[in-house]
Amino acid sequence: MSSALWPYVTPGIPDHLFERLPGIPLSQREIRLLLLAQMRLLADSVVWDIGAGTGTIPVEAGLLCPQGKIVAIERDEEVASLIRRNCDRFGVENVEILEGSAPDCLQQLKAAPDRICIEGGRAIKTILQAAWQRLKPQGRIVATATNFETLYAISESLAEVQARNVEVVQSAINRLETRGNHQVFAAVDPIYILSGEKLE
């Protein structure tokens, strides 16, 4: 699947091509590339993105998995509408948007996922454990943390569900930006990306 706005087979859509809303998080391009790499997507993957925000991961995953199905889970109606607009913007038709709060809304989903991406949620441990129950064997879960408390909670949860091949990566990315008459390197906010596999 390709889009007129992004006709390439490689992921990494520039941030400015997405429609945004003030205060709504956007997974920046370089972070998104790390997330997508850890998800190890297949052309027909069923992906759940919990806390989908602006919809950057559903759009990229939708393009990368043309025979797959992506479910973007977002509790805010206005943000869910933003995700739909971004999918339309890139011609992505294999994304379903579920309005609701995880983990409660997950039971509405019939198709079990091969891949789960958790980009937010207040009750992160409860969300991860509920999502893990639905994850198919050989599936992968990827979760992000921006602080030590969330990092610890996710790490503890992955141990409790006995995830295998757990990896933790912390990003350290700088972008060249023009400020006034100078070009400077500006840091992209660091983020922890945790991933694990369900091998039973």
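I call a residue buried when its relative accessible area is under 20%, exposed when it is over 50%, and partly exposed in between, with a 1.4 Å probe and protein chains only. The model is predicted, so I take local features only at pLDDT of at least 70 and side-chain atom pairs only at pLDDT 80 or more, while totals for chains, interfaces and linings use all residues. Residues are numbered from 1 along each chain as its sequence is written, and side-chain values use heavy atoms, with hydrogens and water left out.

**Cysteines**

I began with C105, which is buried, with a relative accessible area of 3%. I then looked for disulfides, meaning pairs of cysteine sulfur atoms within 2.5 Å, and the structure holds zero of them. For C105 the closest cysteine sulfur is that of C117, 15 Å away, which is too far for a bond. C87 is also too far from a partner, because its sulfur lies 13 Å from the closest cysteine sulfur, in C65. With 0% relative accessibility, C87 counts as buried.

**Helices α1 and α2**

For the elements I use DSSP runs numbered from the N terminus, where helices are H or I of at least four residues and strands are E of at least two. Axes are lines fitted to C-alpha atoms, for helices over the stretch in contact, and the angles, from 0 to 180 degrees, are taken between N-to-C directions. I looked up how helix α1 (residues 29–39) meets helix α2 (residues 56–64), and found an angle of about 50° with the axes 11 Å apart. That makes α1 oblique to α2, since angles under 35 degrees count as roughly parallel, over 145 as roughly antiparallel, 65 to 115 as roughly perpendicular and the rest as oblique.

The crossing of α1 past α2 is right-handed, a word I use when the near helix is turned clockwise from the far one by less than a right angle, anticlockwise being left-handed. Taking contact as heavy atoms within 4.5 Å, I noted R32, L35 and L36 on the α1 side and T56, I57, E60, A61 and L64 on the α2 side. By class this contact has five nonpolar, one polar and two charged residues. The classes put Ala, Val, Leu, Ile, Met, Phe, Trp, Tyr, Cys and Pro as nonpolar, Asp, Glu, Lys and Arg as charged, and the others, Gly among them, as polar.

I also listed the buried residues of α1, which are E30, I31, R32, L35, L36, Q38 and M39. An α-helix has 3.6 residues a turn, so residues three or four places apart point the same way.

**Helices α4 and α5**

Which helix packs with α4 (residues 124–134) at an angle of about 30°? I found that the partner is α5 (residues 148–160), with the two axes 9 Å apart. That makes α4 roughly parallel to α5, and the crossing of the two is right-handed. From α4 the contact takes I124, K125, L128 and Q129, and from α5 it takes T150, A153, I154, E156, S157, L158 and E160. Sorted by class, the contact has five nonpolar, three polar and three charged residues.

**Backbone entries**

Most residues other than glycine have a negative phi, and most peptide bonds are trans. With that in mind I noted R40, which follows α1 and has a positive phi near 50°. Q162 is not a glycine, yet its phi is positive at about 60°. I place Q162 in the loop between α5 and β6 (164–170), where it is exposed, with a relative accessible area of 54%. N165, again not a glycine, has a positive phi of about 50°, lies in strand β6, and counts as partly exposed at 46% relative accessibility.

The peptide bond from A102 to P103 is cis, with omega near 10°, and I find P103 in the loop between β3 (95–99) and β4 (115–118).

K198 lies in the segment after β9 (192–197). Is K198 buried or exposed? K198 is buried, with a relative accessible area of 6%. Leaving aside neighbours within four places in sequence, I found K198 in contact with W132, Q133, L135, K136, P137, Q138 and G139.

P7 and L63 are 56 residues apart in sequence, and I noted 9.7 Å between them in space, C-alpha to C-alpha.
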